[in-house]
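Open the model in your viewer and keep the selection panel at hand.

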Amino acid sequence: MNFQSKYKNKYFIISILIFLILPITNYAKTTDSSKTRRTLINTSLISSSAISYIGLYQLWYKEYPATSFHFFNDLPEWNYMDKIGHICTAYHLNRFTYKLLSSQDINKPLLKSSIYSFAYMLGIEAFDAFYQKWGFSNYDLISNGIGTFIFAIQQKTIQKQIINIKFSSHQSTIAHCRPNLLGKNALEQVFKDYNGQTYWVTLDIHEIFKQRINTLKYINLAIGYSIEGFTGARNNNVTACNCIECKHLNRRSSILLSLDLNLEPLKGKNKILDFLIKPFSILKIPAPTFILNNKLHFKPFYF
């Protein structure tokens, strides 16, 4: 394994955390005592974090030698895609935790969700700091803070998420060059191949411009960032690749402009609809897209 696959295990662990908490939310709503409910929620967050950290250790760190606390500069890797991933993860972890706490009438839910989200991500960085292959990344810490802050400041000031962070993924054409790094199958490539990933900032233009045209409230402007031609974090190591085209790959970044569906106004209509649209708070919907790198491209369907 390598640094990128290690980092992707973080997404896996966070997913475990979320699914561990979900059954607790339904049970908590049925309790009569607010004190009991608060205790149950707080206990579930702490225990879920502990379980996920144990899983993280077993999945990754157990096989590698530990060392004393040290720092590691990973900023030059993957043209900042790793850092944007941290921002996205921290943002949605804060968002999920806030909704959980506020739905259970927990006092100061935004403050607690922000502290929890940042602390949870900090705990993952602490693992890195005590293992030889990595180290504590100040840039990861900053990215975690940015993601946590983006959700918190909007929720605090306007009680809406006009700016949202989303994710999309498609299969790149070079994953086969280094399958151990970029993924051996389509599912692995969604999480491991940065060349197929795009992170988006979506803007609620209806809310920003206070439009009264109802149809616009379902359309957001989406600005994306992606990379391509990367078979290594800092450079393309030709000797580690399984294909000759790796020698001729052009490592570059792209800025994308697209539209996205804003499904937030549909929430609360019924439970089935809420369940169906919930994933799209994280995933961007495929749409026509302009792509700018060394020149301008257009794709009628991009995900």
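**Stop 1**

Select Glu207, which sits in helix 8 (residues 205-208). Helices (H or I, at least four residues) and strands (E, at least two) are DSSP runs, numbered from the N terminus. The model is a predicted one, in which local features need pLDDT of at least 70 and side-chain atom pairs count only at pLDDT 80 or more, while totals for chains, interfaces and linings use all residues. Residues are numbered from 1 along each chain as its sequence is written, and side-chain values use heavy atoms, with hydrogens and water left out.

Glu207 has 17% relative accessibility and so counts as buried; buried means under 20% relative accessible area, exposed over 50%, and partly exposed in between (1.4 Å probe, protein chains only). Contact here means heavy atoms within 4.5 Å. The side chains of Glu207 and Lys160 are joined by a polar contact of 3.2 Å. Such a contact is a pair of N or O atoms within 3.5 Å; within protein, one must be able to donate a hydrogen and the other to accept it, and residues adjacent in sequence count only if both atoms are side-chain atoms.

**Stop 2**

Show the strands: six of them form an open sheet in the order 1-2-3-4-5-6, with antiparallel pairing. Two strands pair if DSSP finds at least two bridges between them. Strand 1 (163-169) and strand 6 (296-302) are at the edges with a single partner strand each, so one side of each has no neighbour in the sheet. Strand 2 (residues 197-203) and strand 3 (residues 219-228) pair over six bridges. Select Trp200 to find it opposite Gly224 in strand 3.

**Stop 3: helix 3**

Select residues 81-103, helix 3, which packs on the sheet and touches strand 1, strand 2 and strand 3. Of its 23 residues, 18 are buried, so helix 3 is largely enclosed by the rest of the structure.

**Stop 4: positive phi**

Most residues other than glycine have a negative phi. Just after helix 3, Asp105 has a positive phi of about 60 degrees. Asn79, with phi near 50 degrees, lies in the loop between helix 2 (34-59) and helix 3. End at Lys108, where phi is positive at about 50 degrees; Lys108 is exposed, with a relative accessible area of 60%.

How values were computed:
Axes fitted to C-alpha atoms, helices over the stretch in contact; angles between N-to-C directions.
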